Structure formats: structure tokens, C-alpha cells
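Visitor: Please take a close look at a single part of this model. I would like one connected answer.

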Amino acid sequence: MHSTDIAHAPIPRPVPGDRRRWFALAIVMTAAFMDLVDVTIVNIAVPSIQRDEGATFSQIQWITAGYALAFAAGLVTGGRLGDIHGRKRVFLVGIGGFTVASALCGFAVNPEMLVASRILQGAMAALMVPQVLSIVHATFPAHERGKVFGLFGAIVGLGAVSGPLLGALLTEGNLFGLEWRPIFLINLPVGVAALVLGSRFITESKAPRALKLDLPGVALVTLALLMLLYPLTRGRELGWPVWGYVSMAGALVVFAALVAYERAKGARDGSPLIELSLFRVKSFAAGIAVQTVFGVGLGVFFLVWTLYMQIGLGWSALRAGLTGVPFSVAVSVAAGVSVQQLVPRFGRKVLQAGALVMMAGVLIYLVEADRYGLGITSWQMALPLAVMGVGMGLVVAPLTDAVLSEVPREHAGSASGLINTVQQMGNALGLGLVSVVFFGVIDEKLAPAEVGPAFVDGFTHALGWVAAVLGVIFLLMFALPKRPAQHVEGAAGVEETPAVGEKEPELVP
């Protein structure tokens with residue numbers, strides 16, 4: 001799920017009765033849905049891509065990790081570009097670029113072109129996605145926003161549920177003999193329609209005091225992550241060369257340089273990529289750690305799970321997609337209940353219970369996978385997946401509010417963008433770690449009869465790591481506030497009225 005880097009500016013007064021705002025809402029919701037589905041739809045098609053294109057396992061990791069890395073690196077900058085140049089303009093550039101990148105993915109002639117196209121797609125999503133809630137914020141008056149954000153939550157849930165199923169149907173359907181390619185090509189008509197209608201119905205808006213761009217900061221973040229991820233994904237294939245360890249150690253040096261640069265830039269012009277003062281808020285620092293580690297766990301699980309079912313067990317994409325339905329439904333139901341009923345009563349305990357419940361589901365899955373081996377059925381997976389889904393729903397829905405609850409109001413936009421960024425970075429890191437926790441226990445050369453048992457062993461090994469990650473998350477959550485602040489002046493959640501001295505944002509006709 002992507003939160004967005006909403007510019008922290010007061011909301012313009014929309015024109016009452018302007019029906020165009022509902023068309024604008026449908027357009028930006030469609031774009032958000034495209035992005036959400038695109039993240040989940042690829043996982044289910046990965047074994048087909050690997051089989052048809054002859055992609056190596058490190059290339060498979062980059063097809064998923066490349067998108068997450070480019071998306072994470074560009075998110076904050078994408079939000080700021082919208083504030084400076086107009087959210088409508090940047091949104092249209094983003095969705096146009098996303099559509100072109102989807103076409104390049106769909107017509108990729110080799111794995112290298114597909115990886116490059118996925119990185120471009122992630123970069124374009126980083127322009128498109130941050131504008132979605134900013135446009136909603138600038139288009140709807142305060143009294144309508146609750147209903148609109150509720151609808152947004154439903155779209156997010158629908159994207160999570162429908163992505164794997166849609167990917168399975170498109171892959172299995174083999175439309176026009178295109179194998180896995182329709183999972184990308186389906187974005188073309190949707191993207192073109194959103195581009196045409198968006199240019200007509202979305203109202204332009206800008207922030208009155210947009211922060212400056214921090215392109216050196218983006219470059220340092222991207223360099224550090226590449227220096228970490230590239231050796232992780234290629235190390236096993238290359239026999240773990242010395243340069244890989246040097247590169248990973250060098251990534252820490254680059255991260256340190258990033259902190260020093262961001263501190264200097266914040267002092268110089270007040271517009272760093274990362275607002276370092278936020279990390280002095282204990283709940284925010286802990287929440288960022290939770291988001292990052294949670295992203296790592298999810299990155300490991302979803303790719304390994306797909307490879308286990310389709311390559312290890314030999315299941316079709318459709319069967320794998322249908323097997324995941326209990327998980328998706330459980331996430332959606334638990335997310336709704338946690339926010340509306342549980343968190344107001346029990347606060348932080350709900351998130352901690354979610355981490356433990358999800359860990360219990362992972363351990364049940366580990367036991368069942370080990371016990372039944374290649375004979376395991378979809379029905380036997382339903383229980384652990386439903387338990388995992390309930391746990392994940394209890395965590396993901398209320399986590400952002402808990403992290404932001406003690407953040408000063410003037411930094412709410414920066415903080416929300418950073419939350420989303422680190423989750424995507426964690427996801428990219430988790431995908432990189434798959435080569436260690438999964439492929440690291442599978443022999444290079446396997447006879448056909450050995451593939452299934454080897455993948456089962458790799459899956460159970462990876463599940464042990466995911467369970468350990470969830471245990472770390474449970475401990476980190478003790479630093480979150482016991483109850484998220486509600487309607488406290490100066491907290492991030494209070495956004496209905498402008499702060500003293502702020503001007504109305506500029507609406508551009």
C-alpha cells in the first residue's frame with residue numbers, strides 16, 4: 001500500500017456543486033489502482049517470465065526489486081515536483097510515462113529490456129502516485145474528505161485482492177499467444193483513457209510554499225541502495241566475490257555521507273530530502289524502523305511464495321492466484337476492523353498483536369510445508385494464509401497513524417512521504433535478500449526430480465527468516481505511542497484548518 005507525500009499546505013476551497021471533481025476522483029483512483037495492481041500482478045507471472053524468457057534468478061529479483069527501488073527513490077521528489085509545477089501536470093506526465101513503460105515491459109525482447117522497463121515504470125509511478133491524495137485534498141472540501149478517503153481505502157483493498165487473481169487469469173489465458181505480456185499491456189487502454197480524461201476534468205493546483213528539489217539527496221540514496229542490492233542479488237551466481245563485500249560496506253559510507261549532506265542542506269535552505277529532525281521523535285524513528293523491516297519481510301515472502309508454488313510444487317498461475325484469496329480477504333477484513341473498532345480501544349496492542357498473529361501464521365505454514373512436502377494442497381494452505389492475512393491487516397492499516405501521531409504538524413507531509421519511501425526501500429532490500437535466504441540453500445544444478453524438494457526446503461528456510469523479522473517488528477513496536485494522538489494541536493493528524501500565517505494554496509485554472 002502506498003501512502004503519498006501530500007504537501008503540507010492548507011486546502012483550497014473547492015467550488016460547491018462542481019461535478020467535475022467526481023470525475024477527477026475516478027481518474028486518480030484508477031491510477032492508484034493501476035499502481036497497486038501492477039505491484040502484485042507481476043509476482044504471480046514471475047515463473048512464466050522466467051520460463052519463457054530464460055531469465056536468471058537474479059534478473060527475476062530485479063524485475064520486482066527494480067520497480068520498488070525506482071519508486072522509493074523518486075517518491076519524495078515526485079511529490080515536490082507536483083507542488084512546484086502543478087499536481088495535474090505532473091500526474092499526467094507520470095501516467096503517460098507509466099503507460100509507455102508498461103508498453104515497453106509488454107513488448108520486451110529479453111530479460112534485460114524488461115528489467116530496464118520495470119525501473120522506468122517505477123520511476124513514472126513515483127511521479128504519478130504522490131499526486132493522487134494531493135489532488136483529492138485540493139479538490140474536495142473538508143466535509144466530503146472522510147467519505148472520499150474511505151473510498152480510497154476500499155480501492156486499496158480491491159487492488160490487493162484483485163492483483164494476483166487478475167495476473168493469474170491473464171497469464172493462464174495466454175491472450176493472442178502473448179503468454180505473460182498482457183499483465184503489462186492491460187495498462188495501455190486504461191492509461192490512455194486516464195490521460196485524456198484527466199487533462200479535461202482534473203483541476204490544477206500548486207503548493208504556495210513548495211520545498212526545493214534535492215536531486216543530490218536522491219542520487220546518494222539510490223547509489224547506496226544499488227551498492228547494497230546489486231552484490232546481494234548477483235553474489236551467489238558469481239561466488240560471492242570480494243568486490244561485493246567492499247560494495248556493501250561502501251553503501252554504509254554513502255549512507256553516512258547522505259546524513260551529513262541532508263543536515264547541511266536542511267541548515268542551508270530548509271528543504272532536505274529527509275527531514276532529519278523527525279528522527280528525534282521516538283515514535284517516528286521506531287515507526288520508520290518498523291516500516292523498513294516490515295517491507296523486508298514482505299519482499300522476501302511474496303516472491304519466494306510464488307516461486308515455491310509454481311516452480312517447486314508445479315502449480316499453474318491460476319491455482320497459485322486462487323490459493324492466495326484467503327490471505328487477501330483476511331487482510332482487507334482485519335484492516336477495516338482494526339482501524340474502526342480495535343485501535344480506538346486498545347491502541348498499540350493491536351499492532352503488536354498483529355505482528356504476533358502474522359508470525360503465528362508463518363510458523364503454521366512452515367510446519368505444514370515441511371510436513372506435507374510436495375503433497376500439500378491449497379486447502380491446507382488456507383489456514384496459515386488466513387492467519388497471516390489477519391495479522392497483516394491489524395498492522396498495515398493503523399501503522400501510518402501511529403507513526404505520524406507525534407510528528408509536528410508542519411512536517412506531516414515530509415513524514416508521510418518518508419514512511420512510504422522506506423517501506424518501498426525495505427521491500428527492494430527484501431527482494432535482494434531472496435538470493436541469500438532462499439536461493440542460498442538451493443543447489444545451482446538440480447535434476448528435474450530434485451527441483452520440488454529443493455524449493456520446499458528453500459521455502460521453509462525463508463519462512464523461518466520471515467518469522468524472525470516479525471519478532472523484531474513486535475519488539476520495535478514497544479517504542480510506538482500506546483495510543484495514537486487524536487485531535488491534539490500540533491499533531492500530524494490535525495489538518496482541517498491552516499496553520500497561523502499560512503496562505504491559501506494556489507488553484508491554477
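**A loop residue up close**

Guide: Glu-179 sits in the loop that links helix H5 (142–173) with helix H6 (182–185). Helices here are DSSP runs of H or I with at least four residues, strands are runs of E with at least two, and both are numbered from the N terminus. This is a predicted model, in which local features need pLDDT of at least 70, side-chain atom pairs count only at pLDDT 80 or more, and totals for chains, interfaces and linings use all residues. Residues are numbered from 1 along each chain as its sequence is written, and side-chain values use heavy atoms, without hydrogens and water.

Now the backbone. Glu-179 has a phi near 55 degrees, a positive value in a residue other than glycine. Its relative accessible area is 33%. Glu-179 therefore counts as partly exposed, a class between buried (under 20% relative accessible area) and exposed (over 50%), with a 1.4 Å probe and protein chains only.

Trp-240 lies in the loop between helix H8 (215–238) and helix H9 (242–269). Its phi is near 50 degrees, again positive in a residue other than glycine. Trp-240 is partly exposed, at 32% relative accessible area.

Now the setting. The chain holds 16 helices and two strands. Of its 509 residues, 57% count as buried. Among contacts (heavy atoms within 4.5 Å) with a separation of 6 or more, 85% join residues 24 or more positions apart. The accessible surface, from the Shrake-Rupley method with a 1.4 Å probe, comes to about 20,600 Å² for the chain. Carbon and sulfur atoms hold 68% of that surface.
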